[in-house]
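Hello,

Here is the structure for your files. Please look it over first; my notes follow below.

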Amino acid sequence: MSRRRSLSFAELFRATPAKSSLLTLAPLALALGQLSNSYVNGVSPIVSIGFAVVMLIFSTVAMSHHAAEHRIHRLEADYGSNRL
């Protein structure tokens, strides 16, 4: 029987550190930058909070897509070598 095992965040970072960093840290930095920019310049926080929420949702969806892509590559590497 096949066993489903979820890929941990640390495993994904060890396997592909550059792409994982870009998909998690860059949107977080953009969200924090936008929030601080609105605070410094006196812009309405509603726009900045909306942007931050969208960036966090983007990061979550992008990382789940990246994890699925990594699982597919790992499966192809494990079972693709058994072909005749």
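Glu69 counts as partly exposed, at 28% relative accessibility (buried is under 20% relative accessible area, exposed over 50%, partly exposed in between; 1.4 Å probe, protein chains only). Glu69 forms a salt bridge with Lys19, with the closest N and O atoms 2.9 Å apart (a side-chain nitrogen of Lys or Arg within 4 Å of a carboxyl oxygen of Asp or Glu). The pair joins distant parts of the chain: Glu69 sits in helix H3 (residues 45-80) and Lys19 in helix H2 (residues 17-41), 50 residues apart. Helices here are DSSP runs (H or I, at least four residues), numbered from the N terminus. Lys19 is partly exposed too, at 38%. A search of the whole structure finds one salt bridge.

This is a predicted model: local features need pLDDT of at least 70, side-chain atom pairs count only at pLDDT 80 or more, and totals for chains, interfaces and linings use all residues. Residues are numbered from 1 along each chain as its sequence is written, and side-chain values use heavy atoms, without hydrogens and water.

Next, Thr24. Thr24 is in helix H2 and is buried, at 12% relative accessible area. A polar atom of its side chain lies 2.8 Å from the backbone oxygen of Ser20. Thr24 touches Phe9, Phe13, Ser59 and Met63 (heavy atoms within 4.5 Å), leaving aside residues up to four places away in sequence.

On confidence: the chain has a mean pLDDT of 87, and 87% of its residues reach 70 or more (pLDDT is the predictor's confidence in each residue, from 0 to 100). Confidence is lowest in helix H1 (residues 9-15), at a mean of 85, and highest in H2, at 93.

Best wishes

How values were computed
Helix = DSSP H or I, 4+ residues; strand = E, 2+ residues; numbered from the N terminus. Polar contact = N/O pair within 3.5 Å; in protein donor to acceptor, adjacent residues only side chain to side chain.
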